[in-house]
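Trainee: I am new to this one. Can we go through it in short questions and answers?

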Amino acid sequence: MGHSAKQKNKKSPVKSPPLKKPLLQQIEVDETRNYSLWNFWVASTALKILLFPGYYSTDFDVHRNWMAITKKLPLKEWYFEKTSQWTLDYPPFFAYFEWFLAQFVPKAAIEDGCLDIVSVGMFGIPTIYYQRCTVILSEIVLFVVLQVYVNKSKMSEKSANFVVASSIVLSPGFLIVDHIHFQYNGFLFGILIASIVSAKFEHYLLCGFFFSVALCFKHIFLYLAPSFFVFLLRAYILNFDSSFKFKSYKNLFELVHWTRLFKLAGVVLSTFAVCFLPFARDYEQLLSRLFPFNRGLTHAYWAPNFWALYSFVDKILTVAVMKISQHTNKLDFLFKKCHLFTHWGHNNLDEVINTGTRGLVQDVTFEILPQIPPKITFTLTLFYQVIAVLPVLFAPTFKRFIGSLTLCGYSSFLFGWHVHEKAIMLVIIPFSFLVISDRRLLTPFRLVTAAGYVSLFPLLYTSQDFLLKILYVTIWCLIYFVALRDITKISSSIERRVWFFDRMAIVYIITLLPLIVACGTIDIMRVSEKFEFLSLMLYSVYCALGVGSSWLGLSWLYNFDEPLWEE
Amino acid sequence: MGSSSKKPETLVLEARNDATKESAATTTQTGIESKEAFYASPLYDFLSPFKLVTHQWEAKYIIVLFALILKCAVGLGSYSGYNTPPLFGDFEAQRHWMELTINLPLSQWYWFDTHYWGLDYPPLTAYHSYILGYLGFFLNNKRANWFTLDESRGHEDLDLKSFMRFSVILSEVLLYIPGVIYMCKWIGKQTKQSPINQYIAAAAILLQPSLILVDNGHFQYNCVMLGLTVYAINNLLDEFYAAAAACFVFAICFKQMALFYSPIFFAYLLRKSLFQWNLGRFLLIGLATVSSFVLCFLPLYLLGGGLSNVIQSIHRIFPFGRGLFEDKVANFWCVSNIVVKYREVFSNEELKLYSLVLTLAGLLPSMLVIFFWPKKHLLLYALASCSMSFFLFGFQVHEKTILLPLLPITLLYTSSNRSVVSMVSWINNVGLFSLWPLLQKDGLQLQYVVIFCLSNWLIGNFSFVTPKSLFPKWLTPGPSVSQVSATYKRRTLLPRSIFWKLVIIISYVAMGITHMLDLWVLPPEKYPDLWVVLNCSVSCMCYMLFWLWTNYKLFSLRNQSFQSH
């Protein structure tokens with residue numbers, strides 16, 4: 001210890017200016033502050049209303065159609081209706097939610113075609129304004145949950161928790177995906193965060209309840225389920241306190257808090273019952289809607305995950321092979337096994353490059369590298385999730401739980417089947433709760449937020465949002481990168497921070513800006529058909545590097561750094 | 001072990017905490033409220049985390065980025081003349097100027113098809129259009145459908161709109177925003193405001209609702225001319241007189257409307273040079289003025305076929321052939337026209353003369369004060385008064401012209417006097433209100449409402465609506481992070497004097513009634529413009545009163561300075 005303290009003294013003038021710390025500690029002790037998200041809500045709502053006339057994606061029509069289905073049809077037909085290609089594929093709670101929204105549609109919007117079951121929605125301004133309003137109003141859940149989180153936290157933690165809460169409510173992810181692209185993530189993540197918050201304050205029943213509700217709203221949260229399961233099992237149900245001694249098998253029976261088990265099971269199962277029982281007769285149809293396995297490995301454009309890098313390598317190899325074989329046919333025998341040559345005759349170079357990046361939901365085939373069946377993606381995801389969850393089984397602290405939650409999000413995002421770029425929120429939201437606990441977590445957090453939010457940019461491909469999205473992400477990063485640095489505790493093992501990686505991360509993040517500008521210019525100039533894919537590929541590959549390295553950084557700290565995880 | 005090693009450090013920290021806490025407490029009690037007009041407003045709340053010296057740099061970027069985000073968001077809305085052939089609107093005019101400047105030789109710019117949005121602004125606007133036109137041409141990848149000569153008339157597509165919106169924001173970032181921030185810092189230092197309060201004032205100025213809605217909504221490039229004027233004022237504050245003259249000439253050469261400010265600049269510069277027997281300075285100012293004019297017009301002469309081109313441009317810039325006023329506008333002529341039908345009683349020539357006389361009479365007090373008391377703290381008041389009298393009594397004034405008086409008025413947000421700030425925010429709201437008919441025509445109603453609410457809320461105009469009473473306590477409504485105590489109640493933003501309180505409240509009620517009539521009651525068939533006229537009359541009354549107030553201020557502050565008031 002003496003040694004490390006010495007080292008610290010030597011380094012501190014260079015690394016962290018001593019002035020910064022006291023002033024921020026002052027904020028922490030201050031009891032007069034009000035820590036309220038109120039002003040943030042007002043200001044951000046004004047901005048969100050200004051976005052009404054802007055761009056919205058096909059998801060808008062999806063939700064409009066669901067509203068029409070739930071309003072116009074009896075419950076048992078909800079999951080069979082397929083007039084529009086945007087069939088209902090969220091769990092029943094979300095369908096109930098849409099039904100609820102459909103009750104309040106104003107007359108102008110109904111006349112406008114808001115509640116018509118048609119193959120392509122025909123609607124105008126009233127519908128748009130109404131649905132946009134429902135997003136803003138439903139998002140209040142998120143604000144309320146986080147306000148409760150801040151209010152309930154200890155005085156010493158309040159300012160840090162407030163930074164986290166405000167960073168989430170102002171997250172560019174929600175602004176881009178909910179208020180421009182159009183979805184209800186703010187509301188859904190509000191419920192998820194409610195379960196995280198209840199876990200923090202050790203209300204385990206509530207935690208289980210909220211998580212199962214969240215699950216019944218959007219089944220993508222299944223990816224986080226292992227972590228919740230293990231945490232609740234170990235922290236709430238199993239009884240491993242010091243009094244446990246194995247004498248006979250009877251003792252094993254005492255390992256379980258049976259009343260707690262029944263309470264939790266009751267809560268969770270009744271939630272699921274309310275959700276799914278009305279559809280019990282048609283469960284097969286429901287399941288086929290919820291889990292459509294006929295989709296491809298990568299989504300419309302490559303989400304910045306492992307498979308993006310994989311496809312990129314494949315493309316490079318393809319181009320290389322084609323270039324080589326154009327010059328010499330002698331190498332043919334080397335590549336005979338390659339998939340490429342099975343349709344050699346009709347493929348030309350551009351076509352090969354363009355597949356998989358054209359923005360179509362289609363099967364991706366790799367030319368050189370082996371094909372990826374779903375089984376492999378699930379195995380990989382599960383493997384990394386198990387690794388993430390195991391430590392929670394041994395030491396079920398809140399911090400570890402959040403760590404495992406974040407890593408579960410990462411593994412599903414990085415290795416999952418048909419991952420949407422929007423799923424990055426599954427990583428960022430839990431990570432926000434974790435990052436305040438140690439400054440070394442800041443580098444991975446910065447990487448994943450910067451890369452993650454930038455990777456959402458191709459969602460808004462119209463030129464009108466170009467400047468807006470850049471400015472918003474910039475201001476968010478500016479505020480919260482600094483605020484989080486100020487608020488995070490410098491752990492005793494600060495010397496082990498690797499200077500080089502931190503600087504690399506900053507260089508990486510700053511380089512995102514020229515990348516965005518270059519891609520934007522390419523897009524607006526529409527140089528040629530050949531470059532149609534280029535900006536998308538640049539986005540996903542570059543962002544995948546950021547997300548991937550942030551995952552490596554967090555995994556390293558999670559698995560190999562002890563002092564960080566002590567309470 | 002870890003905790004034991006930390007202990008001495010935390011002790012030191014606590015000691016420091018106490019010190020800073022105490023100092024903070026004393027300042028809160030004694031002076032902040034009297035000193036900082038925006039104390040406890042939401043803007044104060046948002047920016048207070050950046051109070052520390054180490055964080056002040058952030059505040060600057062945050063206010064600028066926030067203002068830009070809002071401008072982008074307003075830009076998502078419609079623009080003037082959207083989808084209304086054959087003439088469209090100001091958007092098409094600006095696009096058309098880009099089209100003709102990049103396609104035609106300089107000699108034809110002021111001659112080309114003057115009936116369809118012919119170029120009628122001074123040469124700097126033309127050069128500005130030329131540069132932006134080339135940028136757009138490049139981004140459009142030379143497919144040229146944005147700016148093909150003749151063919152592109154009335155061209156509307158989303159990418160073009162985005163580009164044009166972007167070009168306004170670009171001009172603003174380069175020319176308007178730095179000047180405003182510089183001035184806020186300069187005046188803030190003189191009046192000993194805290195740095196964070198300087199940035200709050202800057203934010204309040206950058207979020208001026210009328211300019212956002214006209215430039216980024218309706219579509220114009222007023223920010224360029226206004227920005228150049230701000231640079232000119234900054235140079236006056238820094239006592240770089242020749243530079244001030246040059247900047248001001250550039251402002252005039254961008255948009256002739258900047259002439260509204262010219263009497264004050266003229267009087268101030270004259271007094272500071274010739275009447276202080278500083279002949280060198282006088283010559284320098286003269287040289288700067290003449291050479292910047294020459295610089296602007298020289299290309300027209302050299303490249304554009306000689307003197308006739310210059311004369312044509314001047315002829316285009318000053319169209320005295322037009323009438324006293326065109327659309328409904330909240331100035332003296334249009335409003336009193338309800339009673340006296342000027343155009344039936346007098347000829348156009350006579351009206352020109354009367355309006356000139358009235359305008360001169362109106363601006364004389366401010367000009368005289370600035371001439372005899374050439375003090376820096378009077379400049380903004382004088383500019384406000386002078387340009388307001390141009391607006392009220394001038395010839396051929398548009399409703400958008402209110403932006404000119406509003407610039408120096410809004411810059412008065414830098415004042416540390418609460419009453420001044422409240423007058424400024426009031427007249428800003430009146431200005432926005434007077435733009436309503438225009439914005440309604442453009443389809444910018446949503447933006448109008450949101451920007452009105454947001455800009456007023458941010459500077460604390462709505463703090464009399466305390467969310468604390470409306471919402472349950474566990475939701476913790478109220479300030480976010482600032483150290484304003486929970487019991488502190490911010491006074492409403494009204495001036496101290498009873499008279500002005502009354503005037504302001506009555507005017508707000510009148511504005512509210514006008515809006516409601518406009519929304520729910522159809523005007524009688526005989527007077528389809530009745531609500532617009534009502535709007536103009538209410539605004540005109542407010543402007544008149546405010547103009548009197550600026551003159552009163554000029555007179556009462558004439559012997560003071562930045563430090564003393």
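Mentor: Let us begin with a contact. This is a predicted model. In chain A, A:Pro172, A:Leu175 and A:Ile176 of helix 10 meet A:Lys469, A:Tyr472, A:Val473 and A:Trp476 of helix 23.

Trainee: Are helix 10 and helix 23 of chain A roughly parallel or roughly antiparallel?

Mentor: Look at the axes. Those of helix 10 and helix 23 (residues 466–487) of chain A come within 9 Å and cross at roughly 155°. Angles over 145 degrees count as roughly antiparallel. That makes helix 10 of chain A, relative to helix 23 of chain A, roughly antiparallel.

Trainee: How many residues of helix 10 of chain A are buried?

Mentor: Helix 10 of chain A spans residues 172–182 and is mostly covered. Its buried residues include A:Phe174, A:Asp178, A:His179 and A:Phe182. The count of buried residues in helix 10 of chain A is 11 of 11.

Trainee: What share of chain A counts as buried?

Mentor: Chain A has 25 helices and zero strands. In its contacts with a separation of 6 or more, residues 24 or more positions apart account for 76%. Of the 567 residues of chain A, the share that counts as buried is 47%.

Trainee: Now chain B. What is its radius of gyration?

Mentor: Chain B has 25 helices and zero strands. The globule rule gives 24 Å for 565 residues, and chain B comes close to that, so it is as compact as a globular protein of that length. The radius of gyration of chain B is 25 Å.

Trainee: What box do the C-alpha atoms of chain B fill?

Mentor: The box is taken along the principal axes. Of the 565 residues in chain B, 49% count as buried. The box of the C-alpha atoms is roughly 85 × 60 × 55 Å.

Trainee: Which peptide bond in chain B is cis?

Mentor: Go to the loop between helix 4 (56–75) and helix 5 (90–103) of chain B, where B:Pro86 has its place. Omega is near 5° there. The cis bond runs from B:Pro85 to B:Pro86.

Trainee: Is B:Asp113 buried or partly exposed?

Mentor: B:Asp113 sits in the loop between helix 5 and helix 6 (123–139) of chain B. Its phi is positive, about 30°, although it is not a glycine. With 13 C-beta neighbours inside 10 Å, B:Asp113 counts as partly exposed.

Trainee: What is phi of B:Gln396 near?

Mentor: Find B:Gln396 in the loop between helix 18 (376–393) and helix 19 (403–411) of chain B. B:Gln396 has 18 other C-beta atoms within 10 Å, so it is partly exposed. Its phi is positive in a residue other than glycine, with a value near 60°.

Trainee: What distance separates the C-alpha atoms of B:Gln440 and B:Ser80?

Mentor: B:Gln440 lies in helix 21 (residues 436–442) of chain B. B:Gln440 is partly exposed, with 13 other C-beta atoms within 10 Å. Along the chain, B:Gln440 and B:Ser80 are 360 residues apart. Their C-alpha atoms are separated by 9.9 Å.

Key:
Residues numbered from 1 in each chain as written. Chains lettered and ligands numbered in written order. Predicted model: local features only at pLDDT ≥ 70, side-chain atom pairs only at ≥ 80, totals over all residues. Buried ≥ 20, exposed ≤ 12 C-beta atoms within 10 Å, placed from the backbone. Helix = DSSP H or I, 4+ residues; strand = E, 2+ residues; numbered from the N terminus. Axes fitted to C-alpha atoms, helices over the stretch in contact; angles between N-to-C directions. Parallel < 35°, antiparallel > 145°, perpendicular 65-115°, else oblique. Contact = placed C-beta atoms within 7 Å. Rg over C-alpha atoms; globule rule 2.2 N^0.38 Å.
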